[in-house]
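Please try each task on the structure before reading its solution.

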Amino acid sequence: MTTAGRRAALAVTLIGALAAAVLPAATATAQQARPACRTVDSAPTDREQARTSDPRTAALTERGGFGDFVRRFPAALCTTRTAAQAERLVDAWGEALWRAGVDRAQGHRPGGDLPAADDRPLYWTRVAMTVQLGRWQPDFTVDPAALRQRFEDASRGLADSGFGGRPGVRRIFVSGFDPFGLDAELRRANPSGSAALQLDGRRITLADGTPAEIQAVLFPVRYGDFDRGIVERAFAPRLAPGHRSADLVTTISQGYPGLFTLEAWAGRSRSADPYPDNTGTLSGGTREHPVTAPGLGPGAEFIATSLPTGPMTAVQQPYPLKVNTTVTEIPAGADRPVDRADGPTPGSRAVAGGGGGYLSNEVAYRTNRLRLELAPQLPGGHLHTPVLTGLPEQTGQLTGPVFEQNEAAITGEVLDVLRHTAG
């Protein structure tokens, strides 16, 4: 199905789902509806969800034009009568939310007064809807964790039907991340997430004149989701053999102030503690004592990028772009970490790749470990964007001209870098 066809189909899904939220089923009796609509306002929330108590999160949802998702989702849940119906409903709402986020970012969905490229409305809408899902108490048995995972996957683009498979069209698969570091600054956005939303489903022309299609997903900044295989669920279908598999993959995240970096090496270990994820969870790994993520398949301590870094580094505006060859390792026979400017040495243990020891490094490692297993001939690697700055000093002001200009400059350069992957 074409991109336009997917949008149309999901629009129909959304309209049907929203109708179900406000119109009672013809066969449902009042007695049936009452227990299915029970909610528990005091249901426990994790640290990420608890931030929705800050009114600025609701303002970001409303000002992004997504308020109806939050207002109507609880009633939609109440229309279901079986676990299978609940699964189909959260799938439909998740896919509709993802498509709404993509369409808004690409200027196809009006609504709200925030810039189209702002990734925060989608993020905070999703979080608010997971709170509502956790409060729902149906009168039939469901698996709350499984329902949430289905909703999360669908609302992050994992359920997208993939590439069109047209001959002669190069296929590029990318990922971005949610905002993070929100305890320090709740208003933060993530330009990698904004770029993913702006790129999903787009057709571009590469620097050598080749047409290309881009598909994208968004990852949470949560160790638990990585432990449960969200990266592999997202990338494995795009790496499997076939005419709809990717020709190039790259993960994208926010990295260093003032510059883009192509990471030459991804390391196998987590070592970012005491810096937590969005739920306040620590990885258990530090610089002195790195750890391997649970469930991570076999692979080398370090994996080198195979992206065409030469052509990609031709892009140097508006931010410089360099190849980052630094790593941190514990050399063979040693027990203390050492920083290396020119990559790892034989037999060493990974402490951190060029992207550090946090989830941006891990998404690169997981993706490229899987790439080497399933499609070793494909180019793959990781791109770090500059840190997005420019939020107004007034904490109640959600956006401002400098912030918006910086976001547009970063995401525009991401697209330009991807155009130069035909090398």
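**Exercise 1. How many aromatic pairs are there, and how is one of them arranged?**

With rings of Phe, Tyr and Trp (its six-membered ring) paired if their centres lie within 6.5 Å, and with planes under 30 degrees apart called stacked, over 60 edge-to-face and the rest tilted, the count comes to 16 aromatic pairs. One of them joins Phe177 and Phe226, which are stacked, at 6.2 Å centre to centre and with 10° between the planes. This pair links distant parts of the chain, since Phe177 belongs to strand β1 (residues 170-177) and Phe226 to helix α10 (residues 223-227), 49 residues apart; helices (H or I, at least four residues) and strands (E, at least two) are DSSP runs, numbered from the N terminus.

The model is predicted, so local features need pLDDT of at least 70 and side-chain atom pairs count only at pLDDT 80 or more, while totals for chains, interfaces and linings use all residues. Residues are numbered from 1 along each chain as its sequence is written, and side-chain values use heavy atoms, with hydrogens and water left out.

The next step is accessibility, where buried means under 20% relative accessible area, exposed over 50% and partly exposed in between (1.4 Å probe, protein chains only). Phe177 counts as buried because its relative accessibility is 4%, and Phe226 is buried because its relative accessible area is 0%. Phe226 also pairs with Phe219 in an edge-to-face arrangement, 6.1 Å centre to centre with 65° between the planes, and Phe219 is buried because its relative accessibility is 0%. Finally, Phe163, Phe173, Phe177, Phe219, Phe226 and Phe235 form one aromatic cluster.

**Exercise 2. Where is Asp178 placed, and is Asp178 buried or exposed?**

Begin with the position: Asp178 is in the loop between β1 and α9 (191-199). Asp178 counts as buried because its relative accessibility is 2%. For its surroundings, take contact as heavy atoms within 4.5 Å; leaving aside neighbours within four places in sequence, Asp178 touches Tyr123, Arg126, Arg156, Asn190, Phe219, Pro220 and Val221.

**Exercise 3. At what angle do α7 and α8 pack, and at what angle do α6 and α8 pack?**

Axes are lines fitted to C-alpha atoms, for helices over the stretch in contact, and angles run from 0 to 180 degrees between N-to-C directions. Helix α7 (residues 120-135) packs with helix α8 (residues 144-155) at about 160°, their axes being 11 Å apart. Because of this angle, α7 is roughly antiparallel to α8, given that angles under 35 degrees count as roughly parallel, over 145 as roughly antiparallel, 65 to 115 as roughly perpendicular and the rest as oblique. In this contact, Arg126, Met129, Thr130 and Leu133 of α7 meet Leu147, Arg148, Phe151, Glu152 and Ser155 of α8.

Turning to the other pair, helix α6 (residues 83-105) and α8 pack at about 25°, with axes 7 Å apart, and therefore α6 is roughly parallel to α8. Among the residues that make this contact are Val90, Trp93, Leu97 and Trp98 of α6, together with Leu147, Phe151 and Ala154 of α8.

**Exercise 4. Which residues does Ala422 contact, leaving aside its neighbours within four places in sequence?**

Ala422 is found in the segment after α14 (401-419) and counts as partly exposed because its relative accessibility is 26%. Ala422 and Thr205 are 217 residues apart in sequence, and 9.9 Å apart in space from C-alpha to C-alpha. Leaving aside neighbours within four places in sequence, Ala422 is in contact with Leu206 and Asp208.
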